Amino acid sequence: MAMTMAMPRPVTHLLFDMDGLLLDTEQLYTDVFQGICDRYEKGYSWHVKSLVMGKTAPEAAQIILDTLELPMSKEELLAESQARLKEVFPTATLLPGVEKLVRHLHKHRVPMAVATSSGSVAFDMKISRHKEFFSLFDHVVLGDDPEVGKGKPDPSIFLTCAKRFSPAAPVDKCLVFEDAPNGVEAALAAGMQVVMVPDGHLERALTTRATLVLPSLRDFQPHLFGLPPYP
């Protein structure tokens, strides 16, 4: 069921998060980190997960260590988790409604970009089976981009992404699609509207700031934001 938190305004440019929004990678992260936590009888709960969603890998590792008090260094956690993730990233699939929406918007020449906290190496692995699909976007901004100072909820990744459209997109004409609370806060801090598609396990209290909350991208109605409607 869709929940509208604010009156949608017409937009001209769209910015998409990737993990958990376009690609079904969040369960891959959960499996890997829970596997590591199991050694220390710790739980990689949805509370912890909600804190790290949208963060860069080093930021996420530090949060996990601090929250769960794991007896290992950030470097050790990063090395082990990244090694395990490299094995599963290429299995990532597109989430429901994603392909229909993006191809519809591309057909109507709506400017679109991806703004993801993933670094370049992880990004390439995640999209290895979906290169043609990701070629539909005007550009991609990654978490290790030199112009992106901090991970979400810092707005820099969305501001950088908007600036790279040609011509640059006005922030008040940008609509962000996110699944993570940190991403929603980043979009709002950038002065943009945001559609949130949260995982069903996420606490409802963490979804109240978005312009619109949807159970799936299958439920998005482009005309609500002045975009070309589905036929």
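Leaving aside neighbours within four places in sequence, Ser 118 is in contact (heavy atoms within 4.5 Å) with Met 18, Asp 19, Tyr 29, Phe 123, Lys 126, Leu 142, Gly 143 and Asp 144. The model is a predicted one, in which local features need pLDDT of at least 70 and side-chain atom pairs count only at pLDDT 80 or more, while totals for chains, interfaces and linings use all residues. Residues are numbered from 1 along each chain as its sequence is written, and side-chain values use heavy atoms, with hydrogens and water left out.

Ser 118 counts as buried because its relative accessibility is 6%; buried means under 20% relative accessible area, exposed over 50%, and partly exposed in between, with a 1.4 Å probe and protein chains only. From Ser 118 to Gly 151 there are 33 residues in sequence and 9.7 Å in space, C-alpha to C-alpha.

Attention now turns to the interior. A nonpolar core is taken as a set of buried Ala, Val, Leu, Ile, Met, Phe, Trp, Tyr and Cys residues joined through side-chain atoms within 4.5 Å. The largest such core holds 54 residues, of which Leu 14, Phe 16, Phe 134, Phe 177 and Phe 220 touch the most other members. The element that gives the most to this core is helix 1 (residues 26-38), with 6 residues. A second, separate core has 23 residues, among them Val 141, Cys 174, Val 176 and Val 194. Phe 134, not counting residues up to four places away in sequence, touches Met 18, Leu 22, Leu 23, Val 114, Phe 123 and Ile 127.

Helix 1 deserves a look of its own. Its 13 residues reach 18 Å from the first C-alpha to the last, close to the 18 Å expected at 1.5 Å a residue; the expected span is 1.5 Å times one less than the number of residues. Buried positions in helix 1 are Glu 26, Leu 28, Tyr 29, Thr 30, Val 32, Phe 33, Ile 36 and Cys 37. These buried residues pack against helix 2, helix 3, helix 4 and helix 6.

Helix 8 (residues 156-163) is largely enclosed by the rest of the structure, because 6 of its 8 residues are buried. The buried residues are Ser 156, Ile 157, Phe 158, Thr 160, Cys 161 and Ala 162. Their packing partners are strand 2 (13-16), strand 3 (112-115), strand 4 (139-141), strand 5 (174-178) and helix 9 (181-189).

Next come the pockets. On a 1 Å grid over the protein atoms alone, a pocket is an open set of points where a 1.4 Å probe fits, with protein on both sides within 12 Å along at least five of seven lines, and lining residues have an atom within 4 Å of a point. Grid points are joined across faces, edges and corners, and a volume is the space filled by probe spheres set on the points. The largest pocket holds about 590 Å³ of space. Of its 40 lining residues, Tyr 29, Lys 55, Thr 56, Ala 57 and Ser 117 are the closest to the centre. Helix 1, helix 3 (57-68), helix 4 (74-88) and helix 6 (120-126) are the elements that give two or more residues to this lining. By class, the lining of the largest pocket has 17 nonpolar, 11 polar and 12 charged residues, where Ala, Val, Leu, Ile, Met, Phe, Trp, Tyr, Cys and Pro count as nonpolar, Asp, Glu, Lys and Arg as charged, and the others, Gly among them, as polar.

The second largest pocket has a volume of about 380 Å³. Among its 22 lining residues, Gly 20, Asp 24, Leu 95, Pro 198 and Asp 199 are the closest to the centre. Helix 1 gives the most to this lining, with 3 residues. The lining of the second largest pocket divides into 9 nonpolar, 7 polar and 6 charged residues.

A cis peptide bond, with omega about 20°, joins Lys 152 and Pro 153; Pro 153 is in the loop between strand 4 and helix 8. Another cis peptide bond joins Ser 166 and Pro 167, with omega about 0°. Glu 41, although not a glycine, has a positive phi of about 55° and counts as exposed at 78% relative accessibility.

Notes:
Helix = DSSP H or I, 4+ residues; strand = E, 2+ residues; numbered from the N terminus.
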